[in-house]
Amino acid sequence: MKLKLLALAALTLAAGAHAQSSVTLFGVVDASVVHMSSNTNSVTGLSSGGQSSSRLGFRGVEDLGGGLKAGFWLEGGLAADNGTAAGFRFDRRSTVSISGGFGEVRLGRDKSPAYLNIETFDPFGDSGVGGINGANLVGSATSAAGTPEGSAPKRTSNGLNYLLPELGGFYGQLQYALGEQLSNQVNDRMGNSLALRAGYANGPLNVAVAFGETRGGAATANSVDYKASNVGVSYSFGVVKPMALFATERGAGRRVDMFGLGATVPLGVGELRVSYTNFKRKDVNNADSQKFAIGYGHNLSKRTQLYATVARISNDGAATRGLAVSSSSLGSPTIGAGNDVTGYEFGVRHTF
């Protein structure tokens, strides 16, 4: 009898421990046929992530009691077009956190708060040929020398984050990322970044502002600060959800302003997406670009969607802006100064 009671108690404790923690496997597999062309040439191929970036991840939460929770999130990108898995990394997100009534403290690699408005207020979620392509407007990690991933990257490593708790619709995030440079070098804060975001979402309304600053330059020379700020708003009327986004970046004598208008429209079991974006180079004459995109996603189920998107960029005489695709192998067509660029894609996305 005692053995039976002990076994029952052990099972009860195990069940209780299991109920207090959870681990979830999740992911997205998204592949599309893409064609892009300029005045010079064209390219056709398969892309991974025309609607949502393909990914594989694990996340978990443990109830610590007293209102506290511990959590982790490990997520890495996949290439559905060619199955590339060599060197797989959790480069989309790798964080550990403690949360409670005070909010959440999160450590590790994560999206920059300054970038979140870019994808939130873009009907295409900044993905595929229709995406607004609004990160690193001034320069990549190569052209914005000294920055880990560009002038205004999507993600940052070595981040310390604080997220506000639920405050009646108000939300916010503060992030400081470390460049991890030696203290005795001239530019000892090279690679450091600061970003913050504050917004309000209640019912159909969502509005938010964000700011980010990244230190670049060279280890033995003067530093260069790249600054980015943006504001976005959307309002759902039920039959249509319009949205607007303004972003600006500057640094190293360069400046780019971006203004986008878009909308999503529910159509039966699917959704129509449309957007217009204007890019203005403030440091170079005759180098502006305009982009128009329209797409439709048809839901076969809650997890599976068929989609199609068409996009076109009109470049001024000194502009060479192109379209972005999520592919590790598909290149872009050659874009000469003043070339127009057209792209379309047809794909399927499945989430699990």
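This is a predicted model: local features need pLDDT of at least 70, side-chain atom pairs count only at pLDDT 80 or more; totals for chains, interfaces and linings use all residues.
**Ground rules.** I kept local features only at pLDDT of at least 70 and side-chain atom pairs only at pLDDT 80 or more, while totals for chains, interfaces and linings use all residues. Numbering runs from 1 along each chain as its sequence is written, and side-chain values use heavy atoms, with hydrogens and water left out.

**Pockets.** I looked for pockets on a 1 Å grid over the protein atoms alone: open sets of points where a 1.4 Å probe fits, with protein on both sides within 12 Å along at least five of seven lines. Lining residues have an atom within 4 Å of a point. Points are joined across faces, edges and corners, and the volume is the space filled by probe spheres set on them.

The largest pocket comes out at about 1,300 Å³. I count 47 lining residues, with Ser53, Arg92, Lys154, Arg155 and Ser326 nearest the centre. By class that lining has 13 nonpolar, 19 polar and 15 charged residues (Ala, Val, Leu, Ile, Met, Phe, Trp, Tyr, Cys and Pro are nonpolar, Asp, Glu, Lys and Arg charged, the others, Gly among them, polar). β6 (103-111), α2, β7 (155-163) and β14 each give it at least two residues; helices (H or I, at least four residues) and strands (E, at least two) are DSSP runs numbered from the N terminus.

The second largest pocket has about 370 Å³. Its lining is 16 residues, and Arg281, Ser289, Thr320, Arg321 and Gly322 lie nearest its centre.

**Helix α2.** Next I checked cover on α2 (residues 113-120): six of its eight residues are buried (under 20% relative accessible area; exposed is over 50%, partly exposed in between; 1.4 Å probe, protein chains only). The buried ones are Pro113, Ala114, Tyr115, Leu116, Asn117 and Ile118.

**Arginines over rings.** I wanted Arg CZ or Lys NZ within 6 Å of a ring centre and within 35 degrees of the ring normal. Arginine 321, already noted beside the second largest pocket's centre, lies over the face of phenylalanine 279 at 3.9 Å from the ring centre. Arginine 59 does likewise over tryptophan 73, at 5.1 Å.

**Positive phi.** Most residues other than glycine have a negative phi. I noted glutamate 180 at about 60°, in the loop between β8 (170-177) and β9 (193-202) and exposed at 60% relative accessibility. Asparagine 286 has a phi of about 55°; it sits in the loop between β14 (270-281) and β15 (289-299) and is partly exposed at 48%.
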